[in-house]
Amino acid sequence: MIRNYLIGIGGTGARVIESVLHLCAAGYGPESLSMFLIDPDQANSNLSRTKTLISQYQAAASAWHDKGSRQEARPFGTQIKTAQNSIWTVFANNDVTLSGFVNEKTLRQSNEEYAQLISVLFTEAELQTPLSRGFRGHPSIGSVVMSNAEAGKESSNKDMVPAQALEQLWQDIQDSNEGDARVFLVGSVFGGTGAAGVPTFGSPKMLKHHEKAKLDNGGSRVHLGGALVLPYFSFEADAEAVKKEKQDMYVTPADFPIATKAALEYYNEKELAFDELYFIGDSLGADHRVGKFGTGGKEQNNRPHYIELVTALAALDFWREASVRTSTRECFIAARNDQTVTWDMLPVTRDKGQLNALQVLLAHRIASMTTLGYVLNTYAADFLNRPHGAGENNVGWYKDHFKFDAKKSQDDGKDPRKGANFSSLNAVRSYTAEFVRWITDIGALPRVQLVDGTKLWADDEAMLPPLQHAGGIGGFLVGQARPAGSATFNEFLAQLNSVRITDQAMSASDRFLNLLQEASDAFCRQAYGLEPYARR
Amino acid sequence: MLRKAPMNYLAAAMIAAVLWLLSGLLLGNYLADNISLQDMTTDDFLLRYRITTGTASFVGCLMCCSWFASGAKPAAAADPVGYRKLWIGLMLGEVLLGALALIGLVVSMLPESLTLVNYLVILAGLVLGTALFFWLCTLAMSPRPVEAVVPGKR
């Protein structure tokens, strides 16, 4: 049985998982995916955001369980599996320092030579800074810590917490055939946690050739992939903010190139066990500010970036192509043609024959999910706030699919405004709001011409009402076939009116969602000229 | 299928013709057999009656077509309240049309001694070709965006 795994390491890993989740929500993901995160900085806002998003995804996926006859590109179609504790926070408590972790004090008494070696390798600041906010751009610290955690075994170090998610991973791997456990690691090379974690987990004995993964024929149950994310963003590190930060250890964008160079040299020399490795970065990064300076914790809350979307696409390419084995080493390269990022430049696959079809499918899925999210959070939210079938709600698509007497309590189950139906709709609505926020934030970066958020958002908080701004829904996808804004919300309603759902057993919330989803799909085909091909 | 152009227009025209045949021929012949005229010949009465009901049916059909045309606009689905008002306005127009046609016939036939039953039969013919026709056609053949605003639609 083929199983897909995604391990996000550090802040960038968390942000890439965010993108993978959104692609899965849009119906562009694999059938199932187990994911977990590794980050000692528990308060990191990027991490909390991704953790919340995973819960929101799972809530929305279980709330919208009946997608009718739809077989392909199902929204929330990927079954996302997580361990009970989906984050491995590495440390058992918040005040762990490297000095404490390696028992420097004891070493000084018992083995002076080792203690002196530690003093040579690490500065006093590196030894004494609490690691509760991660490794602060110092992979040398992270590698000491992470290499201590042999996957599948509980660490003997009292400062380390066991990784529950890894235990589940090992149980699954032992049940797999050769290469059927497709594990994808993702992290940045220019920070601390990712740069330390990716090579550690990519080393032969950690996963790929671990005794539990080994087969008698010398092969491995694990097919190992990874994405090393090179510098791709900057943040506002004004002198005042840096001065305010009393900690001694931090990195600024100016440190990224040096850190990257050192990391890449290390990867080049080190024998790693990756079957497939993606290097992803962007020279536009200096213009792409994703937030303010912070050493970690709550301050590390970065806006999403298109490189995270590209890295998520790399992961999907890995899972899609993992069954295609070649004995020779192959290299692929994808790059922008110019300084702009457009839909036809997104590297969705290594397979040239599938490139166009998958680009169209991706654009369609993202457009459709954005449309669904926008409509659910504006028109549909207002709709459900009004009473059943009167006035503004006296419309064909609703009357045809929701026949009940609102005055009779026994009909409550048929009302999408009430009880479990309402909760289910709310679960999907909140997730899709996050989706719209994510994709429009990506589109807000300079020279990224994917989605124009000004067509959908009135300000940072509120979306534009579609009845008053009818052109927005047909104009948010940049660079597509029809002139922007020529397809309006009225055409969406026309599509909505043409959808028919005949399954009487379907719950009111599922029916409501399927109506909007079908209309969104059809609208995006019509408005943006996107005709997705059948998926492979 | 009947809710899309040109099928709804053609079907409305056919229904208008059938209803006019019912009112103009059947009811007309019934009136001709039962009415007692003083100055006017039966043929003159029938001609006047059929022209009046025919004109009312024709204008009523045009009003129905105007509903189909405006209801098929993409903006219609976004404004059910506005289109409900429009439908009520057109329905009142149909009723007014029938009433005007009846008043026209009554005034032109004042010298004749028509009974209340005769007037009621004429009224029935006019209602059949105007308000009833409009309601039936819009109920069954309104474009999808506005079908729900027609009273009686379940």
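Select strand β1 (residues 3-9) of chain A together with strand β2 (residues 32-38) of chain A, and you will find the two running parallel and joined by five bridges, where strands count as paired if DSSP finds at least two bridges between them. Helices (H or I, at least four residues) and strands (E, at least two) are DSSP runs, numbered from the N terminus. Within this pair, A:I9 stands opposite A:I38 of β2(A). To pass from β1(A) to β2(A), the chain goes through helix α1 (residues 10-25) of chain A, and this β-α-β crossover is right-handed, a term which says that, with the strands pointing away from the viewer, the path from the first strand over the helix to the second runs clockwise.

This is a predicted model, in which local features need pLDDT of at least 70 and side-chain atom pairs count only at pLDDT 80 or more, while totals for chains, interfaces and linings use all residues. Residues are numbered from 1 along each chain as its sequence is written, chains are lettered from A and ligands numbered from 1 in the order in which they are written, and side-chain values use heavy atoms, with hydrogens and water left out.

Is β1(A) enclosed or open? Seven of its seven residues are buried, so the strand is largely enclosed by the rest of the structure, buried meaning under 20% relative accessible area, with a 1.4 Å probe and protein chains only.

Now move to A:F76, which is among the residues with the most contacts inside the largest nonpolar core, a set of 113 residues. Such a core consists of buried Ala, Val, Leu, Ile, Met, Phe, Trp, Tyr and Cys residues joined through side-chain atoms within 4.5 Å. Its largest share, 12 residues, comes from helix α13 (residues 352-377) of chain A.

Finally, select A:F489 and A:F492, which both lie in helix α17 (residues 489-498) of chain A, three residues apart. Their rings form a stacked aromatic pair, 5.6 Å centre to centre with 15 degrees between the planes; rings of Phe, Tyr and Trp (its six-membered ring) pair if their centres lie within 6.5 Å, and planes under 30 degrees apart count as stacked, over 60 as edge-to-face and the rest as tilted. A:F489 counts as buried at 1% relative accessibility, and A:F492 is buried at 0%.

Technical notes:
Buried < 20%, exposed > 50% of the residue type's maximum accessible area, 1.4 Å probe, protein only.
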